[in-house]
Amino acid sequence: MPSGLPRQRFVLDTSLFITEEIRHEDESLEDAVLRLLDLVATARLELNISCYMPPSIHDELATMLRDRDVGDEVFSRLDTWVVRKSPDRYGVTIPANIVYNFIDEMSDRVNRGLRVSEEALREVQQLDPEKLAGDDGPGEYITEADRVLSNMRDKYRRALRQGVLDSREDFDLLVLARELDAGVVTEDRGVISWADEFGLRYVHGGQFPTLLEEYLRATGSDGYEG
């Protein structure tokens with residue numbers, strides 16, 4: 001390891017490993033994750049860069065990877081080079097203004113969700129069962145109502161969840177990063193938005209492999225050329 005390099009820490013989100021942005025052309029998910037973990041290992045040994053993950057994120061990621069039939073080698077490297085650490089939820093302090101902004105945002109999102117529901121209800125009320133029913137009876141009306149319901153679910157989900165901190169896993173990620181004074185690595189727009197609120201550094205997941213490669217190249221670590 002080159003002497004005098006300051007220690008850097010990153011907390012990794014599930015989205016880093018799943019995003020298409022880390023893959024080379026025609027590269028499988030498993031190969032991309034293995035390549036990423038090789039970079040994490042080299043950066044730790046050569047550049048004093050440590051990567052962490054809350055247990056809740058690790059469990060979420062493990063489930064997603066198993067669902068995609070990823071081999072045991074990925075899990076072995078993940079457990080070797082990414083440190084699992086629970087955030088200190090009792091010791092880490094969060095400014096009251098962050099909580100205030102969160103409450104304010106959630107109140108606004110609930111109102112938006114209500115408007116989405118009201119619009120869907122009005123649309124259903126305007127459907128004409130007799131006009132939509134064909135030779136097979138009222139089945140077409142049910143299908144049309146289901147379409148309205150499906151659209152409402154999508155809009156409701158976007159209104160309430162898109163771009164917001166909406167899971168314990170996301171909160172663990174941010175609290176751990178604050179505890180360690182670490183950068184957050186994610187593709188989740190909600191996490192990025194709240195990383196700003198927490199005053200944390202962040203890196204888009206798709207850019208993280210390139211960042212590590214550039215660090216290694218710039219320091220000439222073991223003749224690294226990418």
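Predicted model: local features only at pLDDT ≥ 70, side-chain atom pairs only at ≥ 80, totals over all residues.

Me: How many bridges join β1 and β2, and in which sense do they pair?

Reply: In general, strands of a sheet pair through backbone hydrogen bonds, either parallel or antiparallel. Here β1 and β2 pair over four bridges, in the parallel sense.

Me: What is the strand order of the open sheet?

Reply: Reading across, the order is β3-β2-β1-β4-β5, an open sheet of five strands with parallel pairing. The edges are held by β3 (82-84) and β5, each with a single partner strand, so one side of each has no neighbour in the sheet. On average, neighbouring strands are turned by 30° against each other, direction ignored.

Me: What does the secondary structure of the whole protein come to?

Reply: The protein has ten helices and five strands. Helix α9 (residues 189-198) lies across β4 and β5 and runs at about 160° to β5. Helix α10 lies across β1, β2, β4 and β5, and its angle to β1 is about 160°.

Me: Which residues of α10 are buried, and what covers them?

Reply: The buried ones are Phe 208, Pro 209, Leu 212, Glu 213 and Leu 216. They cover an arc of only 140° around the axis, which puts them on the same side of α10. Their cover includes strands β1 (8-12), β2 (49-53), β4 (183-186) and β5 (202-204), as well as helices α1 (14-18) and α2 (29-47).

Me: Which residues are buried in α4?

Reply: In helix α4 (residues 72-81) they are Val 74, Phe 75 and Leu 78. These cover an arc of only 95° around the axis, which puts them on the same side of α4. They pack against α1, α2, β2, α3 (55-67) and β3.

Me: Let's zoom in on single residues. Is Leu 36 buried or exposed?

Reply: Buried means under 20% relative accessible area. Leu 36, in helix α2, has 1% relative accessibility and therefore counts as buried. Beyond its neighbours within four places in sequence, Leu 36 is in contact with Leu 16, Phe 17, Ile 22, Phe 208 and Pro 209. Leu 36 and Glu 213 are 177 residues apart in sequence, while their C-alpha atoms are 10.0 Å apart in space.

Me: And is Ser 15 buried or exposed?

Reply: Ser 15 lies in helix α1, and at 19% relative accessibility Ser 15 counts as buried, because the cut-off is under 20%. Leaving aside neighbours within four places in sequence, Ser 15 is in contact with Thr 186, Glu 187 and Asp 188.

Me: Stepping back, what share of the protein's residues counts as buried?

Reply: Of its 226 residues, 38% count as buried. The protein exposes about 13,000 Å², with carbon and sulfur atoms supplying 47% of it. Among contacts with a separation of 6 or more, 74% are between residues 24 or more positions apart.

Definitions and conventions: Residues numbered from 1 in each chain as written. Heavy atoms only, no water. Helix = DSSP H or I, 4+ residues; strand = E, 2+ residues; numbered from the N terminus. Buried < 20%, exposed > 50% of the residue type's maximum accessible area, 1.4 Å probe, protein only. Contact = heavy atoms within 4.5 Å. Areas by Shrake-Rupley, 256 points an atom, 1.4 Å probe, with all protein chains shown as cover. Arc of directions from axis to C-beta. Pairing = 2+ DSSP bridges. Axes fitted to C-alpha atoms, helices over the stretch in contact; angles between N-to-C directions.
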